[in-house]
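Colleague: I am new to this structure and would like to learn how to read it. Could we go through it feature by feature?

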Amino acid sequence: MRDGIVDTICDCLAVTCRLAGTQQLQQWIQQWLAAAGPQTRLFWQLPVDFACWLMQQPNCSSRPRLYVELIHYEAMQLEAIHAPNASWHSKQQPSRITPASHLVCHPSARLGIYTYPVFDLDGSTTKLPAKSEQPLFVVVYRKQESCHFLCCSPPIAQLLAQLQQNSSLSAGLAFLRELYESVNEEKLLQQLQQLQQQGIVQLQHLI
Amino acid sequence: MAAQKPQGVGLGFRFELANELLHCSHTHAQFVEIAPENYLHTGGWRRRLLDQAKERFSMVCHGLCGDLAGAQPLDKAQLLELKTFLQQQQVAWYSDHLCYTSTAKAHVHDLVPLPFCQESVERTATRIEQVQDILQMPLAIENVSAYMHMPPHDMSEQDFVAAVATQADCSILLDINNVYVNACNFGFDPKRYVDELPLQRVIQVHIAGHEQRQSDLLIDTHGEQIVEPVYELLRYALAKMPQQPPVLLERDNNIPPLAQLEQELQRLHAIWQETYENHTTQRARQPDTSAAVCAAPNPA
(Lines give C-alpha, C1' and ligand atoms only; values in the text may rest on other atoms or scores of the structure.)
Protein backbone atom coordinates (compact mmCIF):
# COMPACT_ATOMS: atom_id res chain seq x y z
CA MET A 1 0.00 0.00 0.00
CA ARG A 2 2.90 2.32 0.73
CA ASP A 3 3.86 1.92 -2.92
CA GLY A 4 0.34 3.03 -3.82
CA ILE A 5 0.65 6.18 -1.70
CA VAL A 6 4.11 7.01 -3.09
CA ASP A 7 3.00 6.46 -6.70
CA THR A 8 -0.15 8.52 -6.25
CA ILE A 9 1.75 11.46 -4.80
CA CYS A 10 4.41 11.26 -7.53
CA ASP A 11 1.65 11.29 -10.19
CA CYS A 12 0.12 14.40 -8.64
CA LEU A 13 3.46 16.21 -8.37
CA ALA A 14 4.44 15.74 -11.99
CA VAL A 15 6.64 18.84 -12.39
CA THR A 16 8.62 18.07 -9.23
CA CYS A 17 8.96 14.48 -10.41
CA ARG A 18 10.43 15.65 -13.70
CA LEU A 19 12.79 18.26 -12.23
CA ALA A 20 13.95 16.59 -9.02
CA GLY A 21 13.68 13.05 -10.38
CA THR A 22 11.27 10.30 -9.36
CA GLN A 23 13.76 8.62 -7.05
CA GLN A 24 14.45 11.81 -5.14
CA LEU A 25 10.74 12.60 -4.73
CA GLN A 26 10.04 9.03 -3.61
CA GLN A 27 12.74 9.38 -0.99
CA TRP A 28 11.16 12.56 0.44
CA ILE A 29 7.75 10.88 0.49
CA GLN A 30 9.24 7.90 2.35
CA GLN A 31 10.73 10.33 4.90
CA TRP A 32 7.25 11.79 5.43
CA LEU A 33 5.68 8.35 5.78
CA ALA A 34 8.28 7.36 8.37
CA ALA A 35 8.09 10.60 10.34
CA ALA A 36 4.41 11.53 10.28
CA GLY A 37 2.32 9.64 7.70
CA PRO A 38 -1.06 10.63 6.31
CA GLN A 39 -3.17 12.77 8.62
CA THR A 40 -5.99 12.79 6.08
CA ARG A 41 -8.28 9.88 5.34
CA LEU A 42 -9.05 11.33 1.91
CA PHE A 43 -6.75 9.77 -0.66
CA TRP A 44 -6.86 12.78 -2.98
CA GLN A 45 -5.52 15.00 -0.19
CA LEU A 46 -2.36 12.94 0.38
CA PRO A 47 -0.10 15.22 -1.72
CA VAL A 48 -1.43 18.22 0.23
CA ASP A 49 -0.71 16.46 3.51
CA PHE A 50 2.81 15.65 2.35
CA ALA A 51 3.43 19.22 1.13
CA CYS A 52 2.24 20.72 4.43
CA TRP A 53 4.58 18.45 6.39
CA LEU A 54 7.46 19.38 4.11
CA MET A 55 6.85 23.11 4.51
CA GLN A 56 6.98 22.71 8.29
CA GLN A 57 10.36 21.00 8.27
CA PRO A 58 13.50 23.01 8.97
CA ASN A 59 15.61 23.84 5.93
CA CYS A 60 18.11 21.16 5.12
CA SER A 61 20.53 20.57 2.29
CA SER A 62 18.94 17.27 1.31
CA ARG A 63 15.64 19.02 0.60
CA PRO A 64 16.41 22.17 -1.43
CA ARG A 65 14.00 25.03 -0.80
CA LEU A 66 13.11 25.31 -4.49
CA TYR A 67 11.66 21.79 -4.50
CA VAL A 68 9.87 22.25 -1.18
CA GLU A 69 8.14 25.31 -2.65
CA LEU A 70 7.43 23.58 -5.96
CA ILE A 71 5.80 20.65 -4.14
CA HIS A 72 3.71 23.09 -2.14
CA TYR A 73 2.66 24.93 -5.30
CA GLU A 74 1.67 21.71 -7.09
CA ALA A 75 -0.28 20.54 -4.03
CA MET A 76 -2.03 23.91 -3.92
CA GLN A 77 -3.05 23.46 -7.56
CA LEU A 78 -4.50 20.06 -6.67
CA GLU A 79 -6.46 21.60 -3.81
CA ALA A 80 -7.78 24.36 -6.07
CA ILE A 81 -8.87 21.86 -8.73
CA HIS A 82 -10.78 19.76 -6.20
CA ALA A 83 -12.09 22.47 -3.87
CA PRO A 84 -15.85 22.72 -3.32
CA ASN A 85 -17.84 24.72 -5.85
CA ALA A 86 -18.67 28.36 -5.30
CA SER A 87 -22.22 29.23 -4.36
CA TRP A 88 -22.34 31.76 -7.18
CA HIS A 89 -22.59 31.33 -10.92
CA SER A 90 -19.30 31.69 -12.78
CA LYS A 91 -20.97 33.85 -15.45
CA GLN A 92 -22.14 36.41 -12.89
CA GLN A 93 -21.52 39.93 -14.21
CA PRO A 94 -18.93 41.87 -12.18
CA SER A 95 -20.17 44.96 -10.37
CA ARG A 96 -18.50 47.88 -8.64
CA ILE A 97 -16.58 47.23 -5.44
CA THR A 98 -16.45 49.92 -2.77
CA PRO A 99 -14.84 49.87 0.70
CA ALA A 100 -18.30 49.13 2.11
CA SER A 101 -18.79 46.08 -0.14
CA HIS A 102 -19.07 42.63 1.37
CA LEU A 103 -16.76 40.30 -0.53
CA VAL A 104 -16.26 36.55 -0.38
CA CYS A 105 -13.45 34.48 -1.87
CA HIS A 106 -13.99 31.59 -4.24
CA PRO A 107 -13.58 28.33 -2.23
CA SER A 108 -10.81 27.24 -4.58
CA ALA A 109 -8.61 30.32 -4.00
CA ARG A 110 -5.29 29.43 -2.37
CA LEU A 111 -2.52 31.83 -1.43
CA GLY A 112 1.16 31.06 -1.60
CA ILE A 113 4.33 32.99 -0.75
CA TYR A 114 7.47 31.75 -2.44
CA THR A 115 11.11 32.67 -2.75
CA TYR A 116 11.38 30.96 -6.15
CA PRO A 117 9.04 31.56 -9.13
CA VAL A 118 7.78 27.98 -8.95
CA PHE A 119 4.57 28.94 -10.77
CA ASP A 120 6.63 29.46 -13.96
CA LEU A 121 7.90 25.88 -13.94
CA ASP A 122 6.08 23.35 -16.09
CA GLY A 123 8.74 20.70 -16.52
CA SER A 124 9.36 21.58 -20.17
CA THR A 125 12.87 22.72 -19.26
CA THR A 126 15.25 21.41 -16.65
CA LYS A 127 16.78 24.87 -16.12
CA LEU A 128 16.06 25.88 -12.56
CA PRO A 129 15.09 29.46 -11.72
CA ALA A 130 17.11 31.79 -9.52
CA LYS A 131 15.89 32.85 -6.12
CA SER A 132 13.79 36.00 -6.23
CA GLU A 133 15.01 39.14 -4.48
CA GLN A 134 11.54 39.76 -3.05
CA PRO A 135 8.98 37.28 -1.75
CA LEU A 136 6.55 36.29 -4.49
CA PHE A 137 2.82 36.29 -3.72
CA VAL A 138 0.55 34.15 -5.83
CA VAL A 139 -3.11 33.21 -5.79
CA VAL A 140 -4.11 29.89 -7.33
CA TYR A 141 -7.75 29.36 -8.27
CA ARG A 142 -10.08 27.25 -10.37
CA LYS A 143 -12.08 28.60 -13.28
CA GLN A 144 -14.24 26.29 -15.40
CA GLU A 145 -12.53 23.18 -14.01
CA SER A 146 -9.03 24.48 -14.93
CA CYS A 147 -6.40 25.74 -12.55
CA HIS A 148 -5.01 29.27 -12.97
CA PHE A 149 -2.65 31.49 -11.04
CA LEU A 150 -2.22 35.20 -10.59
CA CYS A 151 0.77 37.00 -9.11
CA CYS A 152 -0.34 39.70 -6.75
CA SER A 153 0.99 42.40 -4.49
CA PRO A 154 1.57 41.70 -0.78
CA PRO A 155 -1.34 43.94 0.32
CA ILE A 156 -3.79 42.18 -2.01
CA ALA A 157 -2.58 38.79 -0.78
CA GLN A 158 -3.02 39.94 2.82
CA LEU A 159 -6.45 41.32 2.02
CA LEU A 160 -7.50 38.02 0.42
CA ALA A 161 -6.22 36.16 3.48
CA GLN A 162 -8.40 38.42 5.64
CA LEU A 163 -11.44 37.81 3.44
CA GLN A 164 -10.84 34.05 3.63
CA GLN A 165 -11.09 34.39 7.41
CA ASN A 166 -14.54 35.96 6.93
CA SER A 167 -13.38 39.52 7.63
CA SER A 168 -15.31 42.27 5.90
CA LEU A 169 -13.56 44.35 3.25
CA SER A 170 -13.60 47.41 5.52
CA ALA A 171 -11.99 45.37 8.34
CA GLY A 172 -9.43 44.03 5.85
CA LEU A 173 -8.55 47.54 4.72
CA ALA A 174 -8.24 48.65 8.35
CA PHE A 175 -5.88 45.72 8.93
CA LEU A 176 -3.70 46.88 6.01
CA ARG A 177 -3.64 50.47 7.33
CA GLU A 178 -2.16 49.11 10.55
CA LEU A 179 0.50 47.20 8.63
CA TYR A 180 1.56 49.82 6.12
CA GLU A 181 2.38 53.49 6.44
CA SER A 182 0.26 54.30 3.42
CA VAL A 183 -2.38 52.25 1.67
CA ASN A 184 -3.57 53.15 -1.81
CA GLU A 185 -7.18 52.05 -1.39
CA GLU A 186 -8.23 53.13 -4.85
CA LYS A 187 -5.57 50.92 -6.41
CA LEU A 188 -6.50 48.02 -4.15
CA LEU A 189 -10.15 48.34 -5.13
CA GLN A 190 -9.15 48.31 -8.80
CA GLN A 191 -7.14 45.14 -8.21
CA LEU A 192 -10.08 43.56 -6.38
CA GLN A 193 -12.23 44.46 -9.36
CA GLN A 194 -9.82 42.46 -11.54
CA LEU A 195 -9.98 39.55 -9.11
CA GLN A 196 -13.76 39.71 -9.33
CA GLN A 197 -13.54 39.46 -13.12
CA GLN A 198 -11.43 36.32 -12.69
CA GLY A 199 -14.03 34.87 -10.34
CA ILE A 200 -11.64 34.87 -7.35
CA VAL A 201 -13.86 37.15 -5.27
CA GLN A 202 -17.54 37.98 -5.46
CA LEU A 203 -19.86 40.49 -3.86
CA GLN A 204 -21.91 38.91 -1.10
CA HIS A 205 -25.21 40.41 -2.30
CA LEU A 206 -24.77 38.79 -5.74
CA ILE A 207 -24.54 35.27 -4.30
CA MET B 1 -37.04 11.06 -2.65
CA ALA B 2 -36.63 7.45 -1.50
CA ALA B 3 -33.31 5.70 -1.93
CA GLN B 4 -33.20 3.42 -4.95
CA LYS B 5 -32.16 -0.15 -4.18
CA PRO B 6 -29.72 -1.39 -6.79
CA GLN B 7 -30.38 -4.68 -8.52
CA GLY B 8 -28.56 -6.86 -10.98
CA VAL B 9 -24.96 -6.17 -11.85
CA GLY B 10 -22.99 -2.98 -11.23
CA LEU B 11 -19.57 -1.51 -11.78
CA GLY B 12 -17.23 0.40 -9.49
CA PHE B 13 -17.26 4.01 -10.70
CA ARG B 14 -13.66 4.93 -11.58
CA PHE B 15 -12.50 8.24 -13.03
CA GLU B 16 -10.58 6.40 -15.76
CA LEU B 17 -13.81 4.86 -17.01
CA ALA B 18 -16.24 7.61 -16.14
CA ASN B 19 -16.61 9.37 -19.48
CA GLU B 20 -16.92 6.13 -21.41
CA LEU B 21 -19.44 4.70 -18.97
CA LEU B 22 -21.52 7.85 -18.76
CA HIS B 23 -21.76 8.35 -22.49
CA CYS B 24 -22.00 4.80 -23.83
CA SER B 25 -25.28 3.87 -25.48
CA HIS B 26 -25.49 0.46 -23.79
CA THR B 27 -23.94 -1.10 -20.72
CA HIS B 28 -24.68 -4.16 -18.63
CA ALA B 29 -23.95 -2.09 -15.52
CA GLN B 30 -27.26 -1.38 -13.81
CA PHE B 31 -25.77 0.53 -10.89
CA VAL B 32 -22.48 2.04 -9.83
CA GLU B 33 -20.60 2.14 -6.56
CA ILE B 34 -18.61 5.14 -5.42
CA ALA B 35 -16.24 5.76 -2.53
CA PRO B 36 -17.37 8.82 -0.53
CA GLU B 37 -13.73 9.57 0.28
CA ASN B 38 -13.20 10.45 -3.39
CA TYR B 39 -15.90 13.14 -3.30
CA LEU B 40 -15.95 14.57 0.22
CA HIS B 41 -14.72 18.18 0.34
CA THR B 42 -14.61 18.38 -3.45
CA GLY B 43 -16.22 20.33 -6.26
CA GLY B 44 -15.13 20.81 -9.86
CA TRP B 45 -14.92 17.87 -12.21
CA ARG B 46 -15.25 15.25 -9.48
CA ARG B 47 -18.65 16.56 -8.40
CA ARG B 48 -19.73 16.97 -12.02
CA LEU B 49 -18.97 13.29 -12.68
CA LEU B 50 -20.75 12.28 -9.49
CA ASP B 51 -23.87 14.23 -10.51
CA GLN B 52 -23.79 12.71 -13.98
CA ALA B 53 -23.39 9.20 -12.55
CA LYS B 54 -26.34 9.77 -10.25
CA GLU B 55 -28.48 10.89 -13.17
CA ARG B 56 -27.81 7.73 -15.15
CA PHE B 57 -27.42 4.99 -12.54
CA SER B 58 -28.67 3.98 -9.15
CA MET B 59 -25.80 4.22 -6.72
CA VAL B 60 -24.33 2.67 -3.61
CA CYS B 61 -21.55 4.08 -1.46
CA HIS B 62 -18.62 2.01 -0.26
CA GLY B 63 -16.21 3.46 2.29
CA LEU B 64 -12.47 2.96 2.21
CA CYS B 65 -11.24 4.54 5.42
CA GLY B 66 -14.09 4.25 7.89
CA ASP B 67 -11.89 2.41 10.37
CA LEU B 68 -14.95 0.36 11.33
CA ALA B 69 -12.99 -1.86 13.66
CA GLY B 70 -10.27 0.57 14.64
CA ALA B 71 -8.88 1.18 18.09
CA GLN B 72 -9.02 4.97 17.81
CA PRO B 73 -12.08 6.85 19.13
CA LEU B 74 -14.82 7.32 16.53
CA ASP B 75 -14.69 10.69 14.83
CA LYS B 76 -18.32 11.79 15.18
CA ALA B 77 -17.90 14.98 13.17
CA GLN B 78 -16.49 12.95 10.33
CA LEU B 79 -19.35 10.46 10.53
CA LEU B 80 -21.95 13.23 10.53
CA GLU B 81 -20.29 14.67 7.46
CA LEU B 82 -20.49 11.23 5.85
CA LYS B 83 -24.15 10.94 6.86
CA THR B 84 -24.95 14.23 5.11
CA PHE B 85 -23.14 13.05 1.99
CA LEU B 86 -24.98 9.70 1.98
CA GLN B 87 -28.32 11.45 2.40
CA GLN B 88 -27.50 13.77 -0.49
CA GLN B 89 -26.67 10.78 -2.69
CA GLN B 90 -29.91 9.01 -1.63
CA VAL B 91 -28.23 5.65 -1.30
CA ALA B 92 -30.07 2.61 0.03
CA TRP B 93 -27.16 1.46 2.20
CA TYR B 94 -23.56 2.12 3.05
CA SER B 95 -20.75 -0.41 3.27
CA ASP B 96 -17.18 -0.42 4.55
CA HIS B 97 -14.48 -2.93 5.34
CA LEU B 98 -14.30 -5.05 8.46
CA CYS B 99 -10.77 -4.01 9.42
CA TYR B 100 -8.53 -1.30 10.85
CA THR B 101 -7.58 1.64 8.65
CA SER B 102 -5.76 3.90 11.10
CA THR B 103 -3.32 3.95 13.97
CA ALA B 104 -2.85 6.49 16.74
CA LYS B 105 -0.31 8.26 14.52
CA ALA B 106 -1.79 8.22 11.03
CA HIS B 107 -4.30 6.89 8.53
CA VAL B 108 -2.67 3.87 6.94
CA HIS B 109 -4.73 3.88 3.70
CA ASP B 110 -4.73 0.13 3.80
CA LEU B 111 -7.03 -2.60 5.10
CA VAL B 112 -5.41 -4.11 8.19
CA PRO B 113 -6.97 -7.42 9.25
CA LEU B 114 -8.43 -7.96 12.71
CA PRO B 115 -7.75 -10.64 15.29
CA PHE B 116 -10.48 -13.26 15.05
CA CYS B 117 -11.43 -13.71 18.71
CA GLN B 118 -14.43 -13.06 20.95
CA GLU B 119 -12.98 -9.89 22.43
CA SER B 120 -12.54 -8.49 18.94
CA VAL B 121 -16.14 -9.46 18.09
CA GLU B 122 -17.46 -7.56 21.13
CA ARG B 123 -15.40 -4.47 20.53
CA THR B 124 -16.05 -4.33 16.79
CA ALA B 125 -19.79 -4.99 17.08
CA THR B 126 -20.15 -2.22 19.67
CA ARG B 127 -18.30 0.19 17.42
CA ILE B 128 -20.41 -0.75 14.40
CA GLU B 129 -23.59 -0.21 16.41
CA GLN B 130 -22.34 3.28 17.24
CA VAL B 131 -21.60 3.98 13.58
CA GLN B 132 -25.08 2.77 12.57
CA ASP B 133 -26.67 4.96 15.24
CA ILE B 134 -24.96 7.99 13.77
CA LEU B 135 -25.46 7.19 10.09
CA GLN B 136 -29.08 6.12 10.57
CA MET B 137 -29.03 3.87 7.54
CA PRO B 138 -28.31 0.20 6.81
CA LEU B 139 -24.62 -0.58 7.11
CA ALA B 140 -22.92 -3.56 5.51
CA ILE B 141 -19.53 -4.91 6.57
CA GLU B 142 -17.21 -6.37 3.96
CA ASN B 143 -14.91 -9.36 4.48
CA VAL B 144 -11.38 -8.31 3.52
CA SER B 145 -8.53 -10.15 1.86
CA ALA B 146 -5.54 -10.91 4.08
CA TYR B 147 -2.04 -12.31 3.85
CA MET B 148 -1.42 -13.00 7.53
CA HIS B 149 -3.52 -13.75 10.60
CA MET B 150 -3.58 -11.15 13.32
CA PRO B 151 -3.21 -12.84 16.71
CA PRO B 152 -5.11 -13.97 18.71
CA HIS B 153 -6.78 -16.20 16.15
CA ASP B 154 -9.40 -18.27 17.99
CA MET B 155 -12.13 -18.60 15.40
CA SER B 156 -12.57 -18.95 11.66
CA GLU B 157 -12.97 -15.82 9.56
CA GLN B 158 -16.54 -16.70 8.61
CA ASP B 159 -17.47 -17.25 12.26
CA PHE B 160 -15.96 -13.89 13.08
CA VAL B 161 -17.84 -12.06 10.29
CA ALA B 162 -21.06 -13.85 11.25
CA ALA B 163 -20.67 -13.04 14.94
CA VAL B 164 -19.95 -9.36 14.33
CA ALA B 165 -22.85 -8.98 11.88
CA THR B 166 -25.27 -10.77 14.20
CA GLN B 167 -24.21 -8.93 17.34
CA ALA B 168 -24.20 -5.51 15.64
CA ASP B 169 -27.33 -6.42 13.67
CA CYS B 170 -25.82 -5.14 10.46
CA SER B 171 -25.71 -6.39 6.88
CA ILE B 172 -22.86 -8.10 5.05
CA LEU B 173 -21.20 -7.16 1.80
CA LEU B 174 -19.78 -10.49 0.69
CA ASP B 175 -16.65 -10.14 -1.40
CA ILE B 176 -16.46 -13.39 -3.31
CA ASN B 177 -12.95 -12.77 -4.59
CA ASN B 178 -11.72 -12.07 -1.05
CA VAL B 179 -13.19 -15.37 0.12
CA TYR B 180 -11.39 -17.15 -2.71
CA VAL B 181 -8.09 -15.30 -2.14
CA ASN B 182 -8.13 -16.02 1.61
CA ALA B 183 -9.14 -19.64 0.99
CA CYS B 184 -6.06 -20.09 -1.20
CA ASN B 185 -3.75 -18.13 1.09
CA PHE B 186 -4.86 -19.84 4.31
CA GLY B 187 -6.00 -23.17 2.93
CA PHE B 188 -9.70 -23.40 3.74
CA ASP B 189 -12.74 -24.43 1.72
CA PRO B 190 -14.40 -21.31 0.21
CA LYS B 191 -17.77 -23.03 -0.17
CA ARG B 192 -17.79 -23.96 3.50
CA TYR B 193 -17.01 -20.30 4.29
CA VAL B 194 -20.10 -19.27 2.32
CA ASP B 195 -22.24 -21.97 3.91
CA GLU B 196 -21.34 -20.83 7.41
CA LEU B 197 -22.26 -17.18 6.91
CA PRO B 198 -25.70 -15.83 7.82
CA LEU B 199 -26.54 -15.39 4.13
CA GLN B 200 -29.83 -13.66 4.86
CA ARG B 201 -27.71 -10.69 5.93
CA VAL B 202 -25.89 -10.38 2.60
CA ILE B 203 -27.10 -7.19 1.00
CA GLN B 204 -24.50 -6.88 -1.77
CA VAL B 205 -21.76 -8.92 -3.40
CA HIS B 206 -18.36 -7.80 -4.69
CA ILE B 207 -16.38 -9.62 -7.31
CA ALA B 208 -12.98 -8.88 -8.85
CA GLY B 209 -9.80 -10.32 -10.29
CA HIS B 210 -6.62 -11.07 -8.38
CA GLU B 211 -2.98 -11.74 -9.09
CA GLN B 212 -1.32 -15.08 -8.44
CA ARG B 213 2.14 -14.33 -7.04
CA GLN B 214 2.97 -17.91 -6.00
CA SER B 215 1.10 -21.19 -6.11
CA ASP B 216 -0.22 -20.52 -2.60
CA LEU B 217 -0.24 -16.72 -2.58
CA LEU B 218 -2.94 -14.66 -4.24
CA ILE B 219 -3.03 -10.85 -4.04
CA ASP B 220 -6.35 -9.05 -4.23
CA THR B 221 -5.29 -6.49 -6.84
CA HIS B 222 -8.60 -5.67 -8.56
CA GLY B 223 -6.37 -5.43 -11.60
CA GLU B 224 -7.05 -8.67 -13.49
CA GLN B 225 -9.98 -10.49 -15.03
CA ILE B 226 -12.16 -12.64 -12.79
CA VAL B 227 -10.92 -16.24 -12.82
CA GLU B 228 -13.15 -19.24 -13.45
CA PRO B 229 -13.22 -20.59 -9.84
CA VAL B 230 -14.38 -17.17 -8.61
CA TYR B 231 -17.26 -17.16 -11.11
CA GLU B 232 -18.08 -20.63 -9.86
CA LEU B 233 -18.02 -19.51 -6.23
CA LEU B 234 -20.29 -16.59 -7.11
CA ARG B 235 -22.79 -18.94 -8.73
CA TYR B 236 -22.64 -21.18 -5.65
CA ALA B 237 -23.12 -18.28 -3.22
CA LEU B 238 -25.99 -16.65 -5.13
CA ALA B 239 -27.82 -19.97 -5.31
CA LYS B 240 -27.57 -20.29 -1.52
CA MET B 241 -28.79 -16.79 -0.71
CA PRO B 242 -32.44 -16.47 0.22
CA GLN B 243 -32.69 -13.08 -1.43
CA GLN B 244 -30.86 -12.04 -4.55
CA PRO B 245 -28.30 -9.31 -3.74
CA PRO B 246 -26.81 -7.10 -6.47
CA VAL B 247 -23.31 -7.99 -7.68
CA LEU B 248 -20.65 -5.36 -8.24
CA LEU B 249 -17.55 -5.74 -10.39
CA GLU B 250 -14.53 -3.95 -8.89
CA ARG B 251 -11.72 -2.93 -11.21
CA ASP B 252 -9.29 -0.44 -9.69
CA ASN B 253 -5.98 -1.16 -11.37
CA ASN B 254 -4.79 -1.96 -14.86
CA ILE B 255 -8.14 -0.66 -16.06
CA PRO B 256 -9.03 -1.85 -19.58
CA PRO B 257 -11.44 -0.17 -22.02
CA LEU B 258 -15.08 -0.46 -21.04
CA ALA B 259 -15.76 -2.91 -23.89
CA GLN B 260 -13.49 -5.44 -22.18
CA LEU B 261 -15.20 -4.98 -18.83
CA GLU B 262 -18.56 -5.33 -20.55
CA GLN B 263 -17.67 -8.93 -21.36
CA GLU B 264 -17.24 -9.62 -17.64
CA LEU B 265 -20.38 -7.67 -16.79
CA GLN B 266 -22.33 -9.59 -19.40
CA ARG B 267 -21.21 -12.90 -17.91
CA LEU B 268 -22.01 -11.71 -14.39
CA HIS B 269 -25.41 -10.57 -15.57
CA ALA B 270 -26.09 -14.01 -17.06
CA ILE B 271 -25.16 -15.70 -13.74
CA TRP B 272 -27.24 -13.22 -11.78
CA GLN B 273 -30.23 -13.67 -14.09
CA GLU B 274 -29.95 -17.46 -14.03
CA THR B 275 -29.93 -17.66 -10.22
CA TYR B 276 -32.68 -15.04 -10.06
CA GLU B 277 -34.88 -17.17 -12.30
CA ASN B 278 -34.09 -20.29 -10.27
CA HIS B 279 -35.07 -18.48 -7.08
CA THR B 280 -38.28 -17.25 -8.69
CA THR B 281 -39.16 -20.74 -9.89
CA GLN B 282 -38.50 -22.20 -6.44
CA ARG B 283 -40.66 -19.53 -4.80
CA ALA B 284 -43.46 -20.23 -7.27
CA ARG B 285 -43.38 -23.92 -6.33
CA GLN B 286 -43.81 -23.13 -2.66
CA PRO B 287 -47.47 -23.32 -1.55
CA ASP B 288 -48.01 -19.78 -0.30
CA THR B 289 -45.33 -17.17 -0.38
CA SER B 290 -46.67 -13.77 0.32
CA ALA B 291 -43.30 -12.24 -0.48
CA ALA B 292 -43.53 -9.81 -3.35
CA VAL B 293 -41.37 -10.88 -6.23
CA CYS B 294 -40.11 -8.01 -8.30
CA ALA B 295 -39.71 -8.28 -12.02
CA ALA B 296 -36.18 -9.13 -13.06
CA PRO B 297 -34.50 -5.94 -14.07
CA ASN B 298 -33.00 -5.63 -17.53
CA PRO B 299 -29.66 -4.04 -18.17
CA ALA B 300 -29.82 -0.34 -18.93
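This is a predicted model: local features need pLDDT of at least 70, side-chain atom pairs count only at pLDDT 80 or more; totals for chains, interfaces and linings use all residues.

Modeller: In soluble globular proteins, nonpolar side chains tend to be buried together. Here the largest nonpolar core has 73 residues, and those with the most contacts inside it are B:Ile141, B:Val164, B:Ile172, B:Ile176 and B:Ile207. Apart from that core lies another, of 52 residues, with A:Val48, A:Ala80, A:Ala109 and A:Leu169 among them.

Colleague: Which residues does B:Ile141 touch?

Modeller: Leaving aside residues up to four places away in sequence, B:Ile141 touches B:Leu68, B:Asp96, B:Leu98, B:Ile128, B:Val164, B:Ala165, B:Cys170, B:Ile172 and B:Leu173. One of these, B:Val164, is also listed with the most contacts inside the core.

Colleague: How do I read the strands of chain B?

Modeller: In a regular strand the side chains alternate between the two faces of the sheet. For the pairing, take strand β1 of chain B, residues 9–12. β1(B) pairs in the parallel sense with strand β12 of chain B, residues 247–249, over three bridges, and B:Val9 stands opposite B:Val247 in β12(B). β1(B) also pairs in the parallel sense with strand β2 of chain B, residues 31–34, over three bridges. There B:Gly10 stands opposite B:Phe31.

Colleague: Which helix makes a β-α-β unit with β1(B) and β2(B), and is the unit right-handed or left-handed?

Modeller: The helix is α1 of chain B, residues 15–23, and the unit is right-handed.

Colleague: What about the loops of chain B?

Modeller: Look at the backbone there. A cis peptide bond joins B:Pro151 and B:Pro152, with omega about -5°. B:Pro152 is in the loop between β7 (139–142) and α5 (157–168) of chain B. Next come two positive phi values. B:Asp169 is not a glycine, yet its phi is about 55°; B:Asp169 sits in the loop between α5 and β8 (171–175) of chain B. B:His222 has a phi near 55°, again positive in a residue other than glycine, and lies in the loop between β11 (217–219) and α8 (228–240) of chain B.

Colleague: Why does B:Asp169 count as exposed, and why does B:His222 count as buried?

Modeller: Count the C-beta neighbours inside 10 Å. B:Asp169 has 12, so it counts as exposed. B:His222 has 21 and therefore counts as buried.

Colleague: How is chain A built?

Modeller: Chain A has eight helices and five strands, in the order α-α-α-α-α-β-β-β-β-α-α-α-β along the sequence. Its C-alpha atoms fill a box of roughly 50 × 35 × 30 Å along the principal axes. The radius of gyration of chain A is 18 Å, which agrees with a compact globule because one of 207 residues would have a value near 17 Å. Of the 207 residues, 38% count as buried. Among contacts in chain A between residues at least 6 apart in sequence, 65% join residues at least 24 apart.

Colleague: How many residues of chain A are in contact with chain B?

Modeller: There are 19, in contact with 16 residues of chain B. The side of chain A that touches chain B divides into eleven nonpolar, five polar and three charged residues.

Conventions. Residues are numbered from 1 along each chain as its sequence is written. Chains are lettered from A and ligands numbered from 1 in the order in which they are written. Two residues are in contact if their C-beta atoms, placed from the backbone, lie within 7 Å. Ala, Val, Leu, Ile, Met, Phe, Trp, Tyr, Cys and Pro count as nonpolar, Asp, Glu, Lys and Arg as charged, and the others, Gly among them, as polar. Helices (H or I, at least four residues) and strands (E, at least two) are DSSP runs, numbered from the N terminus. The radius of gyration is taken over C-alpha atoms; the globule rule is 2.2 Å times the number of residues to the power 0.38. A residue is buried if 20 or more other C-beta atoms lie within 10 Å of its own, exposed if 12 or fewer, and partly exposed in between; C-beta atoms are placed from the backbone. A nonpolar core is a set of buried Ala, Val, Leu, Ile, Met, Phe, Trp, Tyr and Cys residues joined through C-beta atoms within 7 Å. Two strands pair if DSSP finds at least two bridges between them. A crossover is right-handed if, with the strands pointing away from the viewer, the path from the first strand over the helix to the second runs clockwise.
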